[in-house]
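Please examine the structure shown below together with its sequence.

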Amino acid sequence: MATPVTRHRKIASTEPPVASSPTTPASFAIDYGPEAEAVLVAIQTEIEHAPTLCEQYPPRWLAIQIVERDEDILRRLQASAEGASLLKRADRHIQRLAEVYGDDADIVLTDHRYGWINTLVRQVVTRPDEEKVTLSERLDRVLTHRVLGLPIFLAAMWAVFKLTSDVTAPYLDWISGVISGPVTEWAIALFHFLGLGGTWVESLVVDGVIAGVGGVLVFVPVLMSLYLALAVLEDSGYMARAAFLMDRLMQPLGLHGKSFLPMIVGFGCTVPAIYATRTLENRRDRVLTGLLVPFMSCSARLPVYVLFAAIFFPGRAGLVIFGIYMLGIAAAVLLGLVLKRTLFQGNDGAAFVMELPPYRVPTLRSIWLHMWRRTSSFMHKAWTVIMVMSIVVWALMAIPAGPGRGAFAHTEIDDSIFATAAQAIAPVFAPLGFGSWQASGSLITGFVAKEVVVSTLGQTYGAEVAATGDETPPQAVNPVQDLVRIGAGFVQATVDTIKSIPLIVGIDLFPHDESPEPSALMSSIQRSFAATSGGHAGLAGLAFMVFVLLYTPCIVAVTAARHEFGARWMWTSVIGQFALAWIAAFLVFQGGLLLGLG
Amino acid sequence: MLRKVLQAFEEADGPVKLADLSRELGVEPGALEGMVDFWVRKGRIQASGQGSGLFACTTTDCGTCGDVNSCPLVARLPQMYAIAQDSPQQQMDA
Amino acid sequence: MADYLIALAGNPNAGKSTIFNALTGARQHVGNWPGKTVEKKSGLFRYRETEIEIVDLPGAYSLSAFSPEEVIARDFLLEARPDLVVTVLDAANLERNLYLAVQILELGAPAVVVLNMADVAESQGLTIDDERLSQALKAPVVRTVGRREQGIDQLVETVYQQLIRRDKGAGPSRPAEVTLERL
């Protein structure tokens with residue numbers, strides 16, 4: 001129970017301000033230096049000639065506030081005639097002080113005050129000879145070391161990709177099996193039960209939504225593990241150090257220090273990264289950074305890498321994906337260097353000063369929260385953008401390209417509008433080793449979003465798999481048995497994952513003779529790429545990954561670029577990225593052939 | 001003191017940790033933060049990082065976030081400071 | 001009806017509220033600053049037949065008008081003119097904390113400087129010369145460890161002495177007491 005507070009006894013308002021009261025033994029004052037003191041005294045004298053102000057404020061203090069341009073006090077003074085005329089007279093003195101110091105007068109006073117305090121602290125506080133080094137600082141000595149810092153960071157990133165690609169592979173296989181197995185079977189059984197078996201409705205759901213959206217949802221464990229690793233790195237405080245190291249890496253390359261900030265954001269998503277270029281003050285730097293940001297591989301591109309690395313580089317998937325990310329950084333840095341010396345000449349920006357938070361052990365709750373927020377955003381995208389695109393692609397694959405080539409939903413896949421259009425573009429990609437209509441089609445739909453590359457591949461090659469497979473009548477579905485199968489598969493996947501954890505550090509404790517059976521889709525892509533590359537499927541696959549890394553990230557990023565930099569730069573960016581992606585993929589494929597690789 | 005801080009920012013080549021700067025200048029970290037805040041208010045130093053309002057991604061079309069202010073894909077970055085290029089002082093010098 | 005009005009000022013996290021609680025115990029009153037959403041805490045304590053009202057100012061890093069907290073603290077010091085300002089400093093972060101203290105002293109307010117969390121500073125190996133600090137600031141310095149209520153007795157005694165000394169200095173010419181509704 002709080003005691004009610006009575007009004008205290010108050011001294012009469014006629015009492016002079018405490019500062020000038022003769023009872024104060026020795027009044028406190030900082031010496032602001034001869035020039036500033038002269039100005040303060042001059043203003044103080046003016047104040048002393050204004051009785052109302054004198055009563056309201058201690059004169060020296062008021063003089064200090066006027067010189068420091070305290071907005072609140074200036075506003076109050078401005079409100080009275082007496083105050084306004086005082087300010088007018090004070091301005092003259094302040095102007096003089098500013099001229100003497102060649103800087104704003106308020107800085108002079110604040111600078112002196114900080115200096116006075118600093119000197120006092122040096123006199124009053126004795127620090128131990130050996131300053132206690134916190135654990136955080138000791139960690140920083142190693143982790144942000146000039147030489148060691150970068151290799152440690154690269155090793156950490158490599159471990160992250162190893163985790164996301166190799167360790168989660170069993171879960172990927174499991175979900176893939178669940179979607180192509182029981183889920184598809186149930187859907188087919190349901191449509192047969194409803195009497196819609198074999199109709200376009202069934203095809204829309206099975207070949208459109210399940211093949212497309214399902215093909216992307218397969219990568220949920222991959223993204224979850226990536227987000228898990230990132231959440232741990234961010235929460236522990238290491239990401240801040242990584243940013244510090246990255247900045248140090250970019251500085252000697254002559255890029256503006258601040259441009260690296262959007263670049264880091266770009267690893268998450270290109271769109272906010274383009275908006276983050278606003279941190280740069282001048283337009284030249286903003287545009288330059290906006291052109292480079294898309295080369296930072298965003299998380300939407302990861303499913304493509306994981307799929308292709310699993311098909312073409314089983315066992316080395318982590319390393320290949322890591323290499324792709326590094327290639328993106330290298331491309332940005334090289335292009336940045338070239339542009340900086342040609343189109344975007346200008347002064348280099350100042351370096352960053354960073355406030356690195358102390359390291360801490362991340363809490364499970366916060367890791368889970370961040371991982372979940374990101375994963376659910378991915379799933380949200382699956383049900384919106386990817387779903388719509390899957391349906392569009394399905395429809396285009398269902399519409400025959402002309403009369404006499406079948407009816408809607410009953411056309412040969414190769415005769416569909418989609419296949420015909422994609423086939424027309426395919427020759428562009430032939431020199432890169434992936435001139436099939438499926439590959440070119442997926443790259444075209446991939447303009448919308450990078451996950452759509454995967455969903456379209458799932459649909460186009462999936463249709464082929466279905467077409468070549470025997471037209472088996474739907475079997476009786478046994479949900480209980482299926483659920484048991486799904487559960488058992490999950491347990492098996494968990495066991496396999498745990499077994500593969502030592503693989504992160506390169507130790508294979510559980511050597512397995514048989515590599516996992518590639519899915520029908522994967523072997524179908526493998527065959528197709530082998531066919532279009534003259535048997536060099538690995539090189540073609542790598543070239544495809546490089547192409548996906550470098551060409552336009554997504555339609556929203558393009559819109560963002562137009563919004564921020566205008567249509568001209570947007571087109572420059574889109575065309576430039578396409579050209580660069582084509583050239584890089586060409587070099588990978590043709591160069592690889594020349595060197596006799598793959 | 002304040003000026004030394006600004007000078008250190010101007011002369012830095014390569015990123016600097018606030019903690020190192022505090023040691024170098026012989027200013028306690030807390031006090032240094034106060035001085036940096038002063039320059040941020042004066043517009044001579046620009047702060048960026050989370051909460052600086054510069055990461056407001058204005059699109060929801062990407063389908064990843066319904067929330068404009070907190071795109072979940074944006075990495076949480078440390079607070080960073082750099083010399084503001086278009087500061088009034090520099091324009092005066094130019 | 002309190003005999004004296006004193007204010008408690010300090011940076012956020014300087015340990016102001018532990019000092020406030022140690023001084024006032026249960027005799028607290030919580031409300032809002034007039035027209036603001038910032039919490040206002042005040043309380044009473046008695047020492048040697050003297051009733052002292054203490055107002056906990058919002059935590060602030062300076063007295064410049066950069067935040068509502070700073071404006072409230074400054075206006076209170078300017079308008080209510082407390083008889084004494086107890087300025088709480090985090091001894092382990094002296095340099096930043098002194099900025100506010102110096103601004104309070106520049107305002108001409110009679111002050112007692114509290115080096116709070118003295119134990120933390122010691123554990124970091126910092127030695128602080130209280131005497132010298134007191135001389136430079138022209139105000140008495142008291143060490144406390146707020147959360148263990150260490151040094152509170154000495155703080156109360158110092159506050160009392162300062163108040164008495166000021167009264168004595170004012171002598172018999174001290175104006176009659178008038179109750180004013182301010183703030």
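In the hairpin formed by E3(C) and E4(C), where 2 residues lie between the strands, C:Arg48 takes a positive phi near 50°. Helices and strands are DSSP runs numbered from the N terminus, a helix being H or I with at least four residues and a strand being E with at least two. This is a predicted model, in which local features need pLDDT of at least 70 and side-chain atom pairs count only at pLDDT 80 or more, while totals for chains, interfaces and linings use all residues. Residues are numbered from 1 along each chain as its sequence is written, and chains are lettered from A and ligands numbered from 1 in the order in which they are written.

How much of strand E4 (residues 50–56) of chain C is buried? The strand is mostly covered, since 5 of its 7 residues are buried. A residue is buried if 20 or more other C-beta atoms lie within 10 Å of its own, exposed if 12 or fewer, and partly exposed in between, with C-beta atoms placed from the backbone.

A further sheet brings chains A and B together. Its 4 strands form an open sheet in the order E1(B)-E2(A)-E3(B)-E2(B), and the pairing is mixed. Strand E1 (16–17) and strand E2 (45–48) of chain B stand at the edges with a single partner strand each, so one side of each has no neighbour in the sheet. Strand E2(B) is joined by 4 bridges to strand E3 (residues 79–83) of chain B, and these two run antiparallel. Here B:Ser48 stands opposite B:Met80 in E3(B). Read along its sequence, chain B follows the pattern α-β-α-α-β-β-α, with 4 helices and 3 strands. Of the 94 residues in chain B, 43% are buried.

A:Leu261 lies in helix H13 (residues 260–268) of chain A. Why is A:Leu261 counted as buried? It is buried because 27 other C-beta atoms lie within 10 Å. Not counting residues up to four places away in sequence, A:Leu261 touches A:Ala276, A:Thr279, B:Ser48, B:Leu77 and B:Met80; two residues are in contact if their C-beta atoms, placed from the backbone, lie within 7 Å.

Chain A itself contains 26 helices and 2 strands, and buried residues make up 45% of its 598 residues. Among its contacts between residues at least 6 apart in sequence, 73% join residues at least 24 apart. One pair of its helices may be taken as an example. Two packed helices are described by the angle between their axes and the distance between the axes. The axes of helix H10 (residues 200–217) and helix H18 (residues 364–398) of chain A come within 9 Å and cross at roughly 135°. Axes are lines fitted to C-alpha atoms, for helices over the stretch in contact, and angles run from 0 to 180 degrees between N-to-C directions. H10(A) and H18(A) are therefore oblique to each other, as angles under 35 degrees count as roughly parallel, over 145 as roughly antiparallel, 65 to 115 as roughly perpendicular and the rest as oblique. Residues making this contact include A:Trp200 and A:Leu204 of H10(A), and A:Ile386 and A:Trp394 of H18(A).

Another residue of chain A, A:Leu223, is placed in helix H11 (residues 220–236). With 24 C-beta neighbours inside 10 Å, A:Leu223 counts as buried. Leaving aside neighbours within four places in sequence, A:Leu223 is in contact with A:Ser299, A:Leu302, A:Thr375 and A:Phe378.

The final topic is the nonpolar interior. A nonpolar core is a set of buried Ala, Val, Leu, Ile, Met, Phe, Trp, Tyr and Cys residues joined through C-beta atoms within 7 Å. In the largest one, which has 240 residues, A:Ala543, A:Phe547 and C:Ile104 touch the most other members. Helix H24 (residues 537–550) of chain A supplies the largest share of this core, 12 residues.

Note on methods:
Pairing = 2+ DSSP bridges.
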